[in-house]
Amino acid sequence: MSDIPMHESGDVRTAWGRITAWLERNDPEAFAALGGPGSPTAIAEAELRMGLELPGEMRQWLLTTDLDAGRQPDGRSCLVALGCEAVIPSGHLLLGLTDIQRVYLSQLGLEEMQPSEDPDHPFWRRQWVPVAAERDGLYGTFLDTLTGTVGTWAEAHGAEEDVYASLFAFLQETADQLEGTSSGDWRDPGKSAGPRKLDPRPEDEPIRLWARANGYLVNDRGRIPGTIREAYEASRR
C-alpha cells in the first residue's frame with residue numbers, strides 16, 4: 001500500500017456515489033454500462049506498466065468502480081476506447097484502468113519523442129495520470145501522483161496544473177455540476193481562479209441541437225467532444 005498522503009478533504013467514494021446516483025436517475029444506459037469493483041492485482045499491474053505508484057485516493061476510486069472492468073478494446077478503437085459513456089461537464093469521459101494506461105503511455109510517449117522546449121512547462125510529466133479525457137486524448141484531466149492535485153491538459157494551450165486540490169475535489173465539483181448545485185469551493189486554495197468554464201459559443205448551438213436530436217448526450221456549456229463534432233460534420237456532407 002502506498003504511503004503517499006491522500007490529499008483529500010473528503011472520501012472519494014462519497015463524491016463518486018453522487019455521480020453514479022445522478023447517472024442512475026438521468027442516464028440509465030450509461031449507469032448500466034459502469035464496470036464493477038476494481039482489482040488490486042489489476043491496479044498493481046497497471047502501476048508496473050506505467051512505472052509509478054498511484055496515490056491512495058485514486059486506488060480508493062478504482063477499487064470502488066473500475067469503469068473498464070471486464071472489457072478490452074478492439075484494434076480499431078480510439079485512444080479512449082472504453083470510458084464512462086456519460087459526458088461529464090468538462091466534455092470529457094471518465095476513464096477506467098485500461099484507458100488510463102492507454103492515454104498515459106500515449107501522452108508520455110509523445111513527450112519523450114518530442115520533448116517540450118520549456119522543461120518547467122512540459123507537454124506531459126511522468127507523474128501525471130489521466131482520469132478523464134476526450135476520445136482522441138487531446139484534452140483531459142490528470143492527477144499529479146506526487147502532489148495529489150488535479151490539473152487539465154489541452155493540445156491547443158498546454159497543461160494547467162493545480163486546478164483542483166485533490167481527486168475528491170474534482171469528483172465533488174463534477175457531482176455539483178451534474179446536479180446543478182454547489183456544496184463548496186473545491187478548487188485548489190492557491191488558485192485565484194478555478195478551471196476554465198467556457199461560455200457557450202453561438203456557433204456551437206446548431207451542433208448541440210443536432211446532437212440532442214440524434215441521441216447524443218451533450219452539455220449546455222463547455223467544449224463539445226470531438227466525436228460529436230465529427231458526426232455532425234459528417235451528417236452535413
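**Close-up views of a predicted model**

View 1. Exposed means over 50% relative accessible area, buried under 20%, and partly exposed in between, with a 1.4 Å probe and protein chains only. Helices (H or I, at least four residues) and strands (E, at least two) are DSSP runs, numbered from the N terminus. This is a predicted model in which local features need pLDDT of at least 70 and side-chain atom pairs count only at pLDDT 80 or more, while totals for chains, interfaces and linings use all residues. Residues are numbered from 1 along each chain as its sequence is written, and side-chain values use heavy atoms, with hydrogens and water left out.

**View 2. Helix 3 (residues 40-50) has Ile43, Ala46, Glu47 and Met50 buried.** These buried residues fall within an arc of 100° when seen down the helix axis, so they line one face of helix 3; the arc is that of the directions from the helix axis to the C-beta atoms. Their cover includes helix 4 (56-64) and helix 5 (97-113).

**View 3. The two ends of helix 3 involve Ser39 and Gly51.** At the start of the helix, a side-chain oxygen of Ser39 comes within 3.2 Å of the backbone nitrogen of Thr41. Just after the helix, Gly51 has a positive phi of about 75°.

**View 4. The largest nonpolar core contains 42 residues.** Such a core is a set of buried Ala, Val, Leu, Ile, Met, Phe, Trp, Tyr and Cys residues joined through side-chain atoms within 4.5 Å. Leu54, Met58, Trp61, Leu62, Leu167, Phe170 and Leu171 have the most contacts inside it, a contact being heavy atoms within 4.5 Å. Helix 6 (residues 167-179) contributes the most to this core, giving 7 residues. A second, separate core of 5 residues includes Ile207, Ala211, Ile228 and Tyr232.

**View 5. Asp162 lies in strand 5 (residues 158-164).** Its phi is near 55°, a positive value in a residue other than glycine. Most residues other than glycine have a negative phi. Asp162 is partly exposed, with a relative accessible area of 31%.

**View 6. The mean pLDDT of the protein chain is 77, and 72% of its residues reach 70 or more.** pLDDT is the predictor's confidence in each residue, from 0 to 100. Among the elements of the chain, helix 3 has the highest mean pLDDT (93) and helix 8 (residues 226-235) the lowest (80). Over residues 182-200 the pLDDT is below 50.

Conventions. A polar contact is a pair of N or O atoms within 3.5 Å; within protein, one must be able to donate a hydrogen and the other to accept it, and residues adjacent in sequence count only if both atoms are side-chain atoms.
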